[in-house]
Amino acid sequence: MTLATQIGSRLAVDGAIQAATTTGGSTGTVLDATTDISAPTLSSKIDVGLRVTTPEVTVNANEPVNIGFSLYNEQNDAPLADQLIKVQVKLPTGWATFLHLTTDDRGFASYTARVLTTTNVTAVFDGSDALQSAHSENDATLTVRPTPPPQASRRADRPAVSVDTPTVNVNLPASSIGEKAVYLASLHAGKPYVYGAEGPSSFDCSGLVQYVYRQLGKNLPRTTDQQYAATTRISQYNKAPGDLIFFGSPGNIYHVGIYAGDGKMWVAPRSGDVVKLQTIYTTSYLVGRIP
């Protein structure tokens, strides 16, 4: 190609670009060879809003309180029904999911909580093919009133009273006892592992399991082997929150945790460690369900 031809071609291209940017008196968009004209410029998904309807509540320890969540279309405030919301509680290790709720025709979902210490709760919506994901724009803070100190006894000779582990009615909406167990286990996050400890200030792995389920009216044996023998066998693929994750083999179970969902478990790991939410670290484990 001659120099004159090259210059002519360049002028023709420049002229076409100039026409595209000035025709009709408006400013156009100049496209180059790298522009993908087929890529969408806006998301086709609907923007979603999610809020906690009871953000600040003060209660007595173990007093029932209703916590609500509202899911809606941000464009027109229309409620979003039949959508799954994950409820999360704030722990020293971060936020952990302990409950799943489905919105009703009003885009509303709620559950009745009973907390023993001041607790923060939030909600997450994972989205769908048509809806954007969303995190609650606010959290619920459940502040527990201080418990007044017990009055001093007037009788020095009053006999000591032995107190068993209390049974706690964690009134979650028609959900499994397993989801309640996950929540109760989360309340002990950060407590130290002590071999042979049965709570409430410290635990070993099977002691934590026994303590949590005793609060729910389930009397489990004390050791990991005994707990394995007392549960119903479940496949790894069908495990659900609250199922027990056993490590070892029948007759030689050496460790146990409480399944929390998303491949994680609540566990008292080992000496020098604390109760925490931990990823299941191996594929070699057994699953048992509390009957």
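Select strand 1 (residues 48-52) and strand 3 (residues 65-73): they pair in the antiparallel sense over 5 bridges. Helices (H or I, at least four residues) and strands (E, at least two) are DSSP runs, numbered from the N terminus, and two strands pair if DSSP finds at least two bridges between them. The model is predicted, so local features need pLDDT of at least 70 and side-chain atom pairs count only at pLDDT 80 or more, while totals for chains, interfaces and linings use all residues. Residues are numbered from 1 along each chain as its sequence is written, and side-chain values use heavy atoms, with hydrogens and water left out.

Now pick Leu 50; its bridge partner in strand 3 is Leu 71.

**The cores**

Next, select Ile 67, Phe 69, Tyr 111, Leu 244 and Trp 266. Within the largest nonpolar core, which has 57 residues, these touch the most other members. Helix 3 (residues 205-215) supplies the largest share of this core, 6 residues. Another core lies apart from it and has 9 residues, including Ile 245, Phe 247, Val 267 and Val 287. A nonpolar core is a set of buried Ala, Val, Leu, Ile, Met, Phe, Trp, Tyr and Cys residues joined through side-chain atoms within 4.5 Å. In soluble globular proteins, nonpolar side chains tend to be buried together.

**Helix 2 and Ser 186**

Go to Ser 186, in helix 2 (residues 177-186). Is Ser 186 buried or exposed? Ser 186 counts as buried because its relative accessibility is 5%. Leaving aside residues up to four places away in sequence, Ser 186 touches Val 89, Leu 91 and Trp 266 (contact: heavy atoms within 4.5 Å).

A pocket is an open set of points, on a 1 Å grid over the protein atoms alone, with protein on both sides within 12 Å along at least five of seven lines; lining residues have an atom within 4 Å of a point. Grid points are joined across faces, edges and corners, and a volume is the space filled by probe spheres set on the points. Ala, Val, Leu, Ile, Met, Phe, Trp, Tyr, Cys and Pro count as nonpolar, Asp, Glu, Lys and Arg as charged, and the others, Gly among them, as polar.

For the second largest pocket, of about 150 Å³, select its lining, including Leu 116, Leu 184, His 188, Pro 200 and Tyr 211. This lining divides into 5 nonpolar, 3 polar and 1 charged.

**Loops**

Stay on Pro 200, which lies in the loop between helix 2 and helix 3. A cis peptide bond joins Gly 199 and Pro 200, with omega about 0 degrees.

Then select Asp 77, in the loop between strand 3 and strand 4 (84-91). Asp 77 is not a glycine, yet its phi is positive, about 65 degrees. Asp 77 is exposed, with a relative accessible area of 56%.

Finish at Asp 262, in the loop between strand 12 and strand 13 (264-267). The phi of Asp 262 is also positive, near 55 degrees, and Asp 262 counts as exposed because its relative accessibility is 62%.

Notes. Buried means under 20% relative accessible area, exposed over 50%, partly exposed in between (1.4 Å probe, protein chains only). On a 1 Å grid over the protein atoms alone, a cavity is a set of points where a 1.4 Å probe fits but cannot get out, and a pocket is an open set with protein on both sides within 12 Å along at least five of seven lines; lining residues have an atom within 4 Å of a point.
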